[in-house]
Amino acid sequence: MKVAVVGAGVGGVVCAYFLAKAGIEVVVYEKKTFENVTYDWHDDIAKTAFERAGIPNPPEEFYYDKRNWGFVAPFSTKHIYAPLEVATDVTIQRRPFLHWLISLAKEVNVTFEFGCAVELLVKDGKVCGVIQNGKEIAYDLVVDSCGVDSNIRAALPESYNIQKHPQSGEVFSAYRAFFSKNDVTVKDEDTNLAYLLHNGQKGISWCIQDPRENCVDILIGRIDGVSDADIAEAMDSLKEDNAGLGDRLLSGGKVCRIPVRYPLTKMVGDGYAALGDAAFMTIPMLGSGMASSMLAGRLLAEAVIKNQSTSVESLWEYQVNFYTQCGVDHYGIDVIKRWLLSAKPEDIKFLFESGVLSEKDINSGAGGSTLKLSLGDLIKKLIKGISRLPLLLELSGMLKKSEKAVKLAKAIPTAYDEAAVLEWQNRVDRFFAEL
Ligand SMILES: Cc1cc2nc3c(=O)[nH]c(=O)nc-3n(C[C@H](O)[C@H](O)[C@H](O)COP(=O)(O)OP(=O)(O)OC[C@H]3O[C@@H](n4cnc5c(N)ncnc54)[C@H](O)[C@@H]3O)c2cc1C
């Protein structure tokens, strides 16, 4: 069997590593050079992500414990913060980490072609390989790890019933930049601030002033596009609230796109499987996707190795396992995210400042778990928010819809049957369209 992995993101490389370890011939095509692959910055990932993906822990010099987020409600100056006793996430240098993953894959004979953008080869309505510089190369399986705007997914035959492009409201445009630090003392609880519906706009911003870094990490993310004016306005208000944020741009400064929606309802077809951002596997609240992509990489390789087949029926097992192990929760979080984005900024401010929504509630969504409230929790929240009963009822209705979304995701047909899968896909799309 021969497999092409298109895109050397973390999920694609993990998948290539496991396939090659089992003796399968794998070539990874990456349009960037080895030196420029992925990002020249650090991001957060759960400490458990490496074990869940079945890979060794990366060298310790690549990461350190992540501090907990403090949250700031729209148009508020109050920082809502509860320190974690034990850090659950680490902040990892993305490029050294990916280079290390690539070295693991090379040890088991994965071939890498850097500086090489490829297209999809389709014949008689079936995916059958890639096109590199006009040359057709046959493969039994094309793993699409090309990110949210994958040209491979966009070129799939209609009969695959796989969504080709994200829709409006499903992509987060994030300006990421690293600025100089002003010489001021920052309290521990003010070093990692996330601003919800920042300046009343649909999205979040963050300002991270970690004492272990010599720069200030800024993200200004908005749904469906962030303009220069949005960036300038957000920078002004971040500077007002963070005296340590300096003026000099040290690195970054560009806008990237991240999917923030439930995973694809169909991510596989004959000879094709989508992985990572190409399959919308990020957590819909903050856009974190490294952990789920690596887990998916292992699950896809396991299904291929076990079934020794790349038919849609065999690959469907991968999708079902991904849904069971993490995708279903993303359905619930997507409902919460949509509600937060459509809510009035003053309502969100009230929910936070009254304590109805705690930093624990928001942290659970940001970290990938759905919000689960016990009866006791609900009663406590009712007492805190009794002055705004209609809003509480709306919140409770949203939580019910979030549970319903998880239930719908869990109803994914366990074995591949084209008609049953199509029927389920339509039910899911209708559910989200009607929210
Ligand atoms: C600003 C920002 C902050 C983020 N913060 C976090 C975070 O804190 N934690 C977290 O877990 N995740 C974070 N993410 C998301 C994370 O980067 C992705 O979810 C994760 O890396 C999985 O992405 P991927 O491998 O699927 O795609 P990508 O990382 O987008 O990789 C796709 C690769 O495919 C290559 N490619 C595309 N088309 C072709 C082609 N035709 N031929 C060959 N190669 C091609 C691209 O060059 C690229 O290298 C962040 C993303 C951004 C942009």
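Helices (H or I, at least four residues) and strands (E, at least two) are DSSP runs, numbered from the N terminus. The model is predicted: local features need pLDDT of at least 70, side-chain atom pairs count only at pLDDT 80 or more, and totals for chains, interfaces and linings use all residues. Residue numbers start from 1 along each chain as its sequence is written.

**Exercise 1.** State what span helix H6 reaches and how many of its residues are buried.

*Solution.* The expected span of a helix is 1.5 Å times one less than its number of residues. Helix H6 covers residues 290-307, 18 residues in total. From first to last C-alpha, H6 reaches 26 Å, close to the expected 26 Å. A residue is buried if 20 or more other C-beta atoms, placed from the backbone, lie within 10 Å of its own; 14 of the 18 residues of H6 are buried. Just after H6, Gln 308 has a positive phi of about 45 degrees.

**Exercise 2.** Explain why the ligand lies between domain 1 and domain 2.

*Solution.* The domain bounds, taken from an automatic or database assignment, are 2-64 + 88-165 + 260-326 for domain 1 and 171-259 for domain 2. Both domains give residues to the shell around the ligand, so the ligand lies between them. Of the 37 residues in that shell, Gly 7, Gly 9, Gly 147, Gly 276 and Gly 289 come nearest (a residue is near if its C-beta atom, placed from the backbone, lies within 6 Å). Elements giving two or more residues include helix H1 (10-21), strand S17 (245-259) and H6.

Conventions
Buried ≥ 20, exposed ≤ 12 C-beta atoms within 10 Å, placed from the backbone.
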